[in-house]
Amino acid sequence: MYLITENNAFAEEVIGKVAEVLGRGHRRAAAANEPGEARAILHVAHEFANELAAARADFDRLRFIGEITEDR
């Protein structure tokens, strides 16, 4: 079992950092008019969310994806 599948502060911090990095990449790709790159990053985000949703009953998949796709 992965460390981030546990429900604790460290796991939440790691998941938050992953969302931050993927979100930054997604926004940069969109701003650079690279839709293929943006879709690829979003695909990785969905795969990551699928894994966490399968491992953690408390994981909010929609919030995670929303954090990646929102404009900041």
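Modeller: Happy to, and I'll start with the setting. Of the 72 residues in the chain, 26% count as buried (buried is under 20% relative accessible area, exposed over 50%, partly exposed in between; 1.4 Å probe, protein chains only). Do bear in mind that this is a predicted model, in which local features need pLDDT of at least 70 and side-chain atom pairs count only at pLDDT 80 or more, while totals for chains, interfaces and linings use all residues. Residues are numbered from 1 along each chain as its sequence is written, and side-chain values use heavy atoms, leaving out hydrogens and water.

The chain has 3 helices and 0 strands (DSSP runs of H or I with at least four residues, or of E with at least two, numbered from the N terminus). Its radius of gyration is 12 Å, close to the 11 Å of the globule rule for 72 residues, so the chain is as compact as a globular protein of that length (C-alpha atoms; the rule is 2.2 Å times the number of residues to the power 0.38). Residues 24 or more positions apart make up 49% of the contacts with a separation of 6 or more (heavy atoms within 4.5 Å).

Now to your rings. The structure holds 2 aromatic pairs (Phe, Tyr or Trp rings, the six-membered one for Trp, with centres within 6.5 Å; planes under 30 degrees apart are stacked, over 60 edge-to-face, the rest tilted). Phe-48 and Phe-64 have ring centres 5.7 Å apart and planes at 25°, so this pair is stacked. Phe-48 lies in helix H2 and Phe-64 in helix H3 (residues 61-69), so the pair links distant parts of the chain, 16 residues apart. Phe-64 also pairs with Phe-59, and that pair is tilted, at 5.6 Å centre to centre and 55° between the planes. Together, the ring pairs link Phe-48, Phe-59 and Phe-64 into a cluster.

How covered is each ring's residue? Phe-64 is buried at 3% relative accessibility, and Phe-59 is buried as well, at 13%. Phe-48, at 25%, counts as partly exposed.

Most residues other than glycine have a negative phi. Asn-33, however, has a positive phi near 55°, and this residue is exposed, with a relative accessible area of 64%.
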